[in-house]
Amino acid sequence: MEIKEMYQNLGIQENVYQFGEEILRKLEERFQKIDQTAEYNQLKVVHAMQTNRVSEACLLGTTGYGYNDIGRDTLEAVYASLFHAEDALVRPQITCGTHALALALMSNLRPGDELLSPVGKPYDTLEEVIGIRESKGSLREYGITYKQVDLLPEGAFDYEAIKNAIGEKTKLVTIQRSKGYQTRPTLSVKQIGELITFIKNIKPEILCMVDNCYGEFVETIEPTDVGADMVVGSLIKNPGGGLAPIGGYIVGKKECVENAAFRLTSPGLGKEVGASLGVMSSFYEGLFLAPTVTASALKGAIFAANIYEKLGFAVVPNSTESRHDIIQAVTLGKPESVVAFCKGIQAAASVDSFVSPEPWAMPGYDSDVIMAAGAFVSGSSIELSADGPIKPPYVVYFQGGLTFPHAKLGILKSLQALVDAGLISIK
Ligand SMILES: *Cc1c(COP(=O)(O)O)cnc(C)c1O
């Protein structure tokens with residue numbers, strides 16, 4: 001059977017398939033560059049595993065208190081090496097990215113301190129962590145204040161305003177690498193480094209934390225390579241490689257990581273407890289696969305950008321610019337287009353392909369959100385997925401794909417769904 005017919009069996013009409021093929025032909029060179037980055041990062045991961053003598057025993061788990069958990073302790077050493085950092089906390093007890101970020105903030109800030117975001121509004125779920133939106137247990141409830149400096153209209157740092165915002169109380173600066181649910185550009189690691197240098201020149205003792213969600217392995221350097229004191233992320237995104245079933249990480253300065261460990265478990269206990277149960281082999285194997293999985297997701301994002309830009313939609317990043325995370329934003333302009341796009345992604349899934357996603361109120365978000373995900377790990381967004389908050393300008397955020405062929409199928413299905421709903425037409 002020809003591949004066209006395979007696509008037809010999966011509901012892709014020939015004109016949609018051909019449209020995709022035409023776009024793909026022009027992307028060869030870019031895909032090669034992505035493969036080179038993956039190759040570099042694969043070596044980096046293997047080297048970190050070898051240096052720290054990962055052994056078969058590391059793949060097993062502990063129960064109970066988890067004292068002397070060699071798998072957990074070695075994995076944390078691997079993460080520290082990989083990020084060129086002093087220490088790391090990598091745990092299944094960190095339940096998600098928001099939890100990892102909240103932990104890093106709450107453990108390193110004290111009442112009377114001030115937190116500064118010099119890159120505009122943080123990710124939606126952090127609004128409640130910080131207390132921008134009122135919430136039980138927020139930093140604000142503990143007397144930690146917050147200041148924000150927005151990016152300039154073209155996405156550049158507002159250095160003058162940042163300088164003015166840094167004061168006596170400023171203790172920690174949070175820098176979000178990825179755009180999240182916004183259409184601002186994602187920051188490159190180099191740009192993050194410039195910002196950190198600027199801030200440290202004004203007040204060297206400020207802690208610089210980077211929300212690294214969706215950014216890991218997209219470049220050959222990470223924010224710890226350019227001066228970040230703490231880098232934080234989720235294991236059900238890039239670094240879990242699709243295999244980690246839960247978890248988050250914090251890497252960076254020894255003192256910052258220790259503070260986080262004492263908060264995660266308890267003062268006095270810190271990193272010494274926390275059984276790894278049965279998840280270690282998937283943490284290790286997922287990290288091993290993460291560079292190529294991230295590359296697949298990146299190729300999917302670039303494919304999507306080129307398709308939807310060609311059809312006249314605004315896309316961030318655009319079809320040609322360099323990439324610093326795996327998220328592709330497409331401004332579809334209509335709520336029904338966001339819904340159709342997400343239904344198409346869902347229909348491409350290997351798990352739950354037959355369900356139909358609907359917009360819904362989600363904890364942590366201030367508008368209804370539609371989420372398409374048919375994932376092996378529930379909610380995993382390194383797997384093929386799409387989210388769209390149902391509010392103007394009706395942007396859909398597409399990400400993931402553990403393999404490029406699957407990401408490609410997802411994008412073609414989204415396109416087919418828009419065509420079938422009469423929302424777009426292709427020749
Ligand atoms: C996903 C994400 C988070 C939150 O992670 P969850 O695992 O969904 O809690 C925070 N910041 C950014 C930029 C993200 O992409």
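1. Leu277 counts as exposed, because its relative accessibility of 51% is over the 50% cut-off. This residue lies in the loop between H9 and H10, and although Leu277 is not a glycine, it has a positive phi of about 50 degrees. Please keep in mind throughout that this is a predicted model.

2. Tyr394 is another residue that has a positive phi without being a glycine, here about 60 degrees. Its place is the loop between S12 and S13, and at 19% relative accessibility Tyr394 counts as buried, since the limit for that class is under 20%. As background to both points, most residues other than glycine have a negative phi, and most peptide bonds are trans.

3. Which peptide bonds are cis? One joins Val316 and Pro317, with omega of about -5 degrees, and Pro317 sits in the loop between strand S8 (314-316) and S9. The bond from Pro392 to Pro393 is cis as well, with omega near 5 degrees, and Pro393 is placed in the loop between S12 and S13, the loop in which Tyr394 is also found.

4. The chain is divided into domain 1 (3-42 + 288-420) and domain 2 (60-277), and the C-alpha centres of these two domains lie 27 Å apart. Their contact involves 37 residues from domain 1 and 32 residues from domain 2. The area buried between domain 1 and domain 2 is about 2,800 Å², with 63% of that area given by carbon and sulfur atoms.

5. How many salt bridges cross the interface of domain 1 and domain 2? The rule finds one, whereas the count of residue pairs in polar contact between the two domains, both residues being at pLDDT 80 or more, is 12. On the side of domain 1 that touches domain 2, at least two residues each are supplied by H3, H10, strand S9 (328-331), strand S11 (368-373), strand S12 (385-389) and strand S13 (395-399). H10 gives the largest share of that side, six residues, and the residues of the side divide into 20 nonpolar, 11 polar and six charged.

6. The structure holds 21 salt bridges. One of them pairs Asp35 with Lys299, whose closest N and O atoms are 2.7 Å apart. This pair links distant parts of the chain, with Asp35 in helix H3 (residues 28-51) and Lys299 in helix H10 (residues 280-310), 264 residues apart. Asp35 is partly exposed, with a relative accessible area of 38%, whereas Lys299 is buried at 13%.

7. Lys271 forms a salt bridge with Glu76, and here the closest N and O atoms are 3.4 Å apart. Glu76 is buried, with a relative accessible area of 2%, while Lys271 is partly exposed at 21%. Both residues belong to a network of salt bridges that links Glu76, Asp87, Arg91, Lys254 and Lys271.

8. Two further pairs deserve a line each. The side chains of Glu127 and Arg133 meet in a salt bridge at 2.7 Å, N to O, with Glu127 counted as buried at 9% relative accessibility and Arg133 as partly exposed at 22%. Asp325 forms a salt bridge with Lys179, the closest N and O atoms being 3.4 Å apart.

Notes. Residues are numbered from 1 along each chain as its sequence is written. This is a predicted model: local features need pLDDT of at least 70, side-chain atom pairs count only at pLDDT 80 or more; totals for chains, interfaces and linings use all residues. Side-chain values use heavy atoms; hydrogens and water are left out. A salt bridge is a side-chain nitrogen of Lys or Arg within 4 Å of a carboxyl oxygen of Asp or Glu. Helices (H or I, at least four residues) and strands (E, at least two) are DSSP runs, numbered from the N terminus. Buried means under 20% relative accessible area, exposed over 50%, partly exposed in between (1.4 Å probe, protein chains only). Domain bounds come from an automatic or database domain assignment. Contact means heavy atoms within 4.5 Å. Buried area is the accessible area (1.4 Å probe) that two parts lose on being put together, summed over both. A polar contact is a pair of N or O atoms within 3.5 Å; within protein, one must be able to donate a hydrogen and the other to accept it, and residues adjacent in sequence count only if both atoms are side-chain atoms. Ala, Val, Leu, Ile, Met, Phe, Trp, Tyr, Cys and Pro count as nonpolar, Asp, Glu, Lys and Arg as charged, and the others, Gly among them, as polar.
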